[in-house]
Amino acid sequence: MDYTISTIAWIVLFPFFAFVINAFLARKATKIAVIISCGAIALSSVWALRIFKDFIFGNYASDFYIRKVFTWFDLNGAGLSFNVNMGIYIDNMTAIMLLMVTVVATLIHIFSTYYMKDDMNYGRDGRFFVYMSLFTSAMLGLVLSDNLLSVFIFWELMGFCSYSLIGHYYEKDGAGNANIKAFMTTRVGDVFFLLGILAIWTNIGSVGFVEMYAAIADGVFTDPANNVFGISLAAFAGMSIFMGTIGKSAQFPLQVWLPDAMYGPTPCSALIHAATMVAAGVYLSLRIFPLLDVAGLTPLVAWIGGITAFGAATIALVQTDFKAVLAYSTISQLGYMVLGVGVGSYNAAFMHLITHAIFKACLFLSAGSVIHSLHDHHTHEHVQEMPRMGGLRHKMKFTWFAMWCCTLAIAGIPFFSGFVSKDRILGDALIQALHNKVYIVPAILGFAGALLTAFYMCRMMFLTFHGEPRDKELYEHIPEEKFSWNRNLPLLILAVFTLGVWFSGSLTGQKLVKVASPEGKLEWFSTLVVKPDVNKFKTYTSEKWGNTDTRVKGIEKSHYDPKHGMTNEEEIHHVHQVHVIGAIASIFIAFAGVFIAYMMYIRKSWNPGWWVSTFSGWYRALQNKYYMDDLYIKGVIQKGLLPLNRFLAWIDMGLYDRYIVDGWAGVSKVFYTFSKWFDDLWVDTVMVDGTGASVRLFNVVLRTLQSGKIQFYFIMIIVVLAGYILAL
Amino acid sequence: MVSLPSFLFVSFILFLAGIVVMIARKNVIAILLGIELILNAAALNFVAYTRFINNNLEGHIIALFIIVIAAAEAAVGLAIVIRFYQIRESIHIDDATQLQS
């Protein structure tokens with residue numbers, strides 16, 4: 001495949017054109033619009049598969065990348081250089097990400113044709129699919145972007161689409177608030193993101209990733225001359241951009257929007273909270289990882305990740321809404337990814353992003369499959385409350401099976417993908433904690449969160465699918481699940497990819513470090529995704545639009561360093577030991593979580609009510625999401641923002657409007673009076689009327705002279721002649 | 001010997017008489033006569049100046065021209081007077097009001 005912008009851009013343009021066409025078509029021919037949407041994303045996934053094949057099965061080195069740019073606009077002149085390049089940047093990470101996004105999105109689109117079919121003709125006349133197409137295309141654009149500015153553009157596009165999709169059932173109470181909340185909360189992070197972009201732009205004159213890496217290697221970011229507000233440029237820009245991640249990926253201070261986003265239809269939850277939007281934040285923080293690293297922000301990132309992972313997991317313990325559990329588990333898992341970024345396990349964080357996208361998409365689609373079947377015949381609404389479920393495995397076997405695969409994956413049971421990725425993050429956290437005291441708390445939070453994850457996911461499964469049906473009438477009305485291509489097939493395909501073997505190349509995923517050598521081809525993920533080495537980007541010269549593919553195959557062997565940059569054999573042994581300990585600990589923790597859930601909800605030997613009554617204060621805190629919503633709404637917004645708004649409104653209305661705008665009226669009035677007087681007296685009376693008066697005066701004189709008496713004229717002639725003569 | 005000032009004096013008297021007639025009389029024919037008087041005063045001046053200063057015949061020729069023009073002018077003027085009389089049945093100058101807007 002020839003790698004130019006015009007060939008690669010199709011991967012973004014297929015869904016985008018589907019969006020444009022469907023925007024006009026959806027109302028008239030909804031079915032065709034749905035087919036176009038699904039077809040476009042399927043085509044994109046074919047494109048992505050080609051790129052994936054080229055990159056992963058080609059013999060390219062791990063640090064190989066393709067970048068094609070064109071000048072978007074160019075405002076050079078008068079000594080100023082201001083040109084904006086746009087382009088594509090593909091490396092192994094992009095290739096994997098593209099395949100993940102397109103395939104998961106395709107499966108979600110297919111599932112949506114089942115889920116949204118009864119919902120007012122495919123989701124309000126196919127409008128749902130219109131937004132889904134735009135959403136997917138924005139995500140693909142973001143993944144392909146070669147610079148922070150176009151990342152930001154697609155980032156905002158996704159923000160808009162998530163707004164539209166979350167508010168899809170706008171007639172429901174809360175959906176309107178939820179989408180505004182999601183939009184505004186992420187906006188807080190986006191403002192900082194834009195600030196970071198500007199900081200980078202002013203200092204290195206470009207926002208491309210490649211230029212940014214080169215500048216890091218040159219020490220521009222750590223140069224004290226470039227300090228912003230007294231802190232180094234790297235810390236300022238890194239923290240600002242990471243704030244974007246905090247907003248978009250629902251990290252600790254700004255996580256409040258994600259649970260409310262569950263008001264959207266379930267397939268869109270699957271798309272937003274698994275494969276695309278929240279993944280974009282983590283993807284961005286991986287892209288700026290060298291920046292975070294050089295700024296020394298990684299402990300902070302690890303802390304935020306750890307707090308999010310643990311805090312969200314605890315809230316998930318007490319949720320009774322089916323989707324709310326999944327929402328909090330999403331926040332928690334995103335916390336793990338950020339923790340992975342923070343402890344420097346670049347590869348594992350990215351792997352967790354991919355594995356999480358797959359199993360979480362499957363979980364959400366399964367939840368959709370369950371919710372769609374549970375129809376309350378009294379209120380005519382779908383049932384999401386777990387206390388009314390139970391025993392559903394007899395009615396829907398395929399969903400039950402797929403969901404168990406994903407639950408085991410997210411819980412971190414061996415042989416499943418979640419174990420492979422999460423365990424590596426935790427192992428690296430453990431190593432960092434042993435070397436640096438700062439990382440101890442995030443590591444402990446990570447392990448504790450792993451226990452809770454296993455527990456609450458199994459609790460959800462037990463409450464939903466096992467035991468006796470608690471709402472008999474509801475249970476009776478559930479139709480028996482029959483295999484259908486658009487309901488069960490996507491679930492089962494995704495369930496297959498929850499196996500760890502796809503990612504680790506070995507069943508356990510915990511092969512000894514030495515096996516993961518360049519010869520260990522099966523460890524493709526670890527081998528092909530490595531931290532970018534910023535020194536390699538120093539000699540970069542940009543390749544312009546339309547140049548042909550100048551890659552040379554097999555030029556370098558993989559740069560994967562199985563020794564983690566350590567030369568001391570003893571230290572390598574130590575790292576290996578810690579990894580093994582971490583793996584054993586996480587296996588134990590996962591099984592402990594499953595066991596506790598089993599004892600509580602299947603055997604019922606342990607009473608969950610005892611915990612609720614003993615720790616009632618904590619229980620209430622968890623049910624109120626640690627009062628963070630209250631803090632934001634009552635504290636920050638009502639006490640801080642609204643008074644500020646009122647103050648600004650007062651400045652606007654009370655000062656500016658009253659004194660400057662209305663005061664201007666007084667000034668105008670004075671001028672008006674003066675100019676009216678001038679106009680009336682001088683212009684009108686003296687000049688205009690004066691002209692008339694003078695004309696009338698001359699008229700009188702001339703009329704008297706021109707009497708028509710010819711002899712009078714003679715007299716005049718004589719008088720004039722006499723006058724002449726006298727004058728001479 | 002009659003000198004030049006005597007001629008000029010006569011001419012002046014004639015001219016003055018012509019002007020007075022032209023302004024004072026209301027009869028159109030009298031006004032025409034006044035004009036004749038003024039023309040004759042002018043012709044007398046020409047003849048007197050050419051006799052006493054140039055001593056040639058140029059002034060006489062111009063005097064002859066003036067007599068011819070005066071005859072032609074008198075013919076046209078009398079024709080207008082006749083036409084005017086036919087319309088107004090009067091030759092009083094103040095009755096000629098048609099050109100007054």
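**Ground rules.** I count residues from 1 along each chain as its sequence is written, with chains lettered from A and ligands numbered from 1 in the order in which they are written. Since the model is predicted, local features need pLDDT of at least 70 and side-chain atom pairs count only at pLDDT 80 or more, while totals for chains, interfaces and linings use all residues.

**Confidence.** I looked up the complex scores: the predictor gives an ipTM of 0.76 and a pTM of 0.77. Chain B has a mean pLDDT of 89 (pLDDT is the predictor's confidence in each residue, from 0 to 100). In chain B, 97% of the residues reach 70 or more.

**Chain A overall.** I find 28 helices and four strands in chain A; helices (H or I, at least four residues) and strands (E, at least two) are DSSP runs, numbered from the N terminus. Chain A has 728 residues, and 49% of them are buried. Buried means 20 or more other C-beta atoms within 10 Å of the residue's own, exposed means 12 or fewer, and partly exposed is in between, with C-beta atoms placed from the backbone. Of the chain A contacts with a separation of 6 or more, 80% join residues 24 or more positions apart. A contact here is two C-beta atoms, placed from the backbone, within 7 Å.

**UniProt span in A.** The unreviewed UniProt entry puts "domain: NADH:quinone oxidoreductase/Mrp antiporter transmembrane" at residues 145-430 of chain A. UniProt positions are in the numbering used here, feature names are shortened, and annotations may be inferred rather than shown by experiment. I get 72% helix and 1% strand for residues 145-430, with the end C-alpha atoms 34 Å apart.

**Core.** A nonpolar core is a set of buried Ala, Val, Leu, Ile, Met, Phe, Trp, Tyr and Cys residues joined through C-beta atoms within 7 Å. The largest one has 222 residues, and A:Leu98, A:Val104, A:Ala361 and A:Cys362 touch the most other members. Leaving out residues up to four places away in sequence, A:Val104 touches A:Ala274, A:Ala275, A:Ala357, A:Ile358 and A:Ala361. Another core, of eight residues, lies apart from it and includes B:Leu37 and B:Ala48.

**Positive phi.** A:Phe229 is not a glycine, yet its phi is about 50°. A:Phe229 sits in the loop between helix H8 (209-218) and helix H9 (233-248), and it counts as exposed because it has 6 C-beta neighbours inside 10 Å. A:Ala250 has a positive phi too, near 55°. A:Ala250 is in the loop between H9 and helix H10 (257-260), but it counts as buried because it has 31 C-beta neighbours inside 10 Å.

**A against B.** Seven residues from chain A and seven residues from chain B make the contact. On the chain A side I count four nonpolar, two polar and one charged; Ala, Val, Leu, Ile, Met, Phe, Trp, Tyr, Cys and Pro count as nonpolar, Asp, Glu, Lys and Arg as charged, and the others, Gly among them, as polar. Helix H28 (residues 710-727) of chain A packs on helix H1 (residues 4-24) of chain B at about 145°, with axes 8 Å apart. Axes are lines fitted to C-alpha atoms, for helices over the stretch in contact, and angles run from 0 to 180 degrees between N-to-C directions. A:Phe714 and B:Met22 are among the residues making the H28(A) to H1(B) contact.
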